[in-house]
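This report goes through one protein model.

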Amino acid sequence: QHPRRPSESELKARDSSLKRVEAVRRRLKASLGDADARPSVLAELSKLNLSKYVDEVAAAVGEARVKLGDVAGAAAVCSELHKEYDGFGMALLPPLLRAVEVTAGAETEADRTARLARRRSTLRLLWELLALGVLPSSSPLLSATAALVAEDDSSPPEAPQPNLPVLQALCRAAPLDPLLISPHARAHAARAKGGGHDAGGGPAAPPCTLPPADQSSLLSVLHAYLESTTRCLSSASADLRARRRANARALLSKGEITDEAAAAHEAARRSVERLGAACEAMAEALGVPAPEEEQGDGGEAEEVRREMLVSVHGGSEAMGEAEEAAVAGFADVEESSFYLQLPDLRAVLPAMLFEAGRAAPTEDATDTTGFDATLARLPACASRADIDELASELCIRGLRDCRRRLIRVVSSPPPAASAPRLYARLAAVLAAAFPTIGSQVAAIATAEFDELFGTEEEPQRGAAGGKGG
């Protein structure tokens, strides 16, 4: 706390030229904490008299960009300067606090990442300097830490805990630093939160720099932040379950989910992972049980499917039989939904599109340019939604007078693996509005099947007859 500093005569024997002072000031700003540069920096500092430039040197240290992994080295350099010059700690505190307390305005993602990285390492450096006795009081540090917690408490739900990397780093380090928090104080605070172990039995810890009241205050702030992050985790998990449920409903009803929905789900999943990992790490450092993460059991699709069956079949009493009937003959529920859950075109399109006029023109006399162009898009359809949209547009483009043309096309799907099922869905959707389409497509398919089946059977029958004769 009170190191022996060089006397005035010893300092006068050192170099105090402005050129060398400015050179070391630039080195401190550029490479503070750099393990490779530290020995030469410390050697240079021992040769200089910086007593007239304490504020300038402290400002250079405050402006340095220190990585989290270099905090210990930076603290060692600051400790040496503190041992040499009275007042260095007090001069260093304001620029470091400004780096922590800076309020961000409009910024890019890269600027935000850099700002949070500096805030994280600077806050950690402040508490490290306090533990080493460079800073005289913990009050400014407690206030700055509590302000960051309050900032996160008021963060919007779509961007929770913006200071998580900053406070998580402190929360993981401070409770395990015996110079800041004694094992007894950590265990006592943990027991008050429902966890903790007996602090006895280990090697004797060095005396803490922080008095017991300040240890308690710091632990209180850290526990409050863990509780705040746990609440955010619970909210994020609920949002993730809701998005899974919405995507399951869209997948069952439309056969696909939009890119926007998929991206939103992935962002929600990453948020839950980020918050969950942070809660687990902070809880371990504080010696309390980690919060239980509620992400659901992955059964959202099954739950949505059962709800949809209940709504379709009029109640839960008949749902068991309806569920079996819905899946019968299909590989799974999704395939059953593809063939059986069809849009009602008559319910959403004008009735005149389905009613034949008293003097309806023949198909050959009808201008079918728009209909043909629409029908030509059928081979490019790749999803359930594409087929349903095409069915509606075909009705609007004059399907009422062009049914024979549609039947010919639908009855001859291309050889692509997915084409038959997509063409079949189109026929089924349109057959609900124009029954003749379904019956005629079925008749054509049956005739072709019988023809193929007969072609394969005839040789077998002939061979059987010859053998029997």
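The model is predicted. The crossing of H5 past H7 is right-handed.

Which residues of H5 meet H7? Val71, Ala74, Ala75 and Cys78 do. On the H7 side they meet Ser121, Arg124, Leu125, Glu128 and Leu129. By class, the contact of H5 with H7 holds six nonpolar residues, one polar residue and two charged residues.

## The fold overall

The protein has 21 helices and zero strands. It has 469 residues, and 38% of them are buried. Take the contacts between residues at least 6 apart in sequence: 76% of these join residues at least 24 apart.

How many salt bridges does a search of the whole structure find? The search finds 20. Side chains of opposite charge can pair when their charged atoms come close.

Glu8 and Lys12 are separated by about one helical turn, because they sit four residues apart in helix H1, residues 8-12. Are these residues buried or exposed? Glu8 has 57% relative accessibility, so it counts as exposed. Lys12 has 62% relative accessibility, so it counts as exposed too.

Glu22 forms a salt bridge with Arg26. Their closest N and O atoms are 3.7 Å apart. Both residues lie in helix H2, residues 18-31. They are four residues apart there, about one turn of the helix. Glu22 has a relative accessible area of 26%, so it is partly exposed.

Glu273 and Arg269 form a salt bridge. The closest N and O atoms of this pair are 2.4 Å apart. Glu273 and Arg269 lie in helix H12, residues 259-286. They are four residues apart, so about one helical turn separates them.

Glu273 is partly exposed, because its relative accessible area is 46%. Arg269 counts as partly exposed as well, because its relative accessibility is 24%. Which residues are linked with them in a network of salt bridges? The network links Glu266, Arg269, Arg270 and Glu273.

## Thr436 in H21

Where is Thr436 placed? Thr436 is in helix H21, which spans residues 435-468. Its relative accessibility is 35%, so Thr436 counts as partly exposed. That value lies between the 20% and 50% cut-offs.

What does Thr436 touch, leaving out residues up to four places away in sequence? Thr436 touches Arg403 and Ile407. Ile407 is 29 residues from Thr436 along the chain. The C-alpha atoms of Thr436 and Ile407 are separated by 9.5 Å.

Key: Residues are numbered from 1 along each chain as its sequence is written. This is a predicted model: local features need pLDDT of at least 70, side-chain atom pairs count only at pLDDT 80 or more; totals for chains, interfaces and linings use all residues. Side-chain values use heavy atoms; hydrogens and water are left out. Helices (H or I, at least four residues) and strands (E, at least two) are DSSP runs, numbered from the N terminus. Buried means under 20% relative accessible area, exposed over 50%, partly exposed in between (1.4 Å probe, protein chains only). Contact means heavy atoms within 4.5 Å. A crossing is left-handed if the near helix is turned anticlockwise from the far one by less than a right angle, and right-handed if clockwise. Ala, Val, Leu, Ile, Met, Phe, Trp, Tyr, Cys and Pro count as nonpolar, Asp, Glu, Lys and Arg as charged, and the others, Gly among them, as polar. A salt bridge is a side-chain nitrogen of Lys or Arg within 4 Å of a carboxyl oxygen of Asp or Glu.
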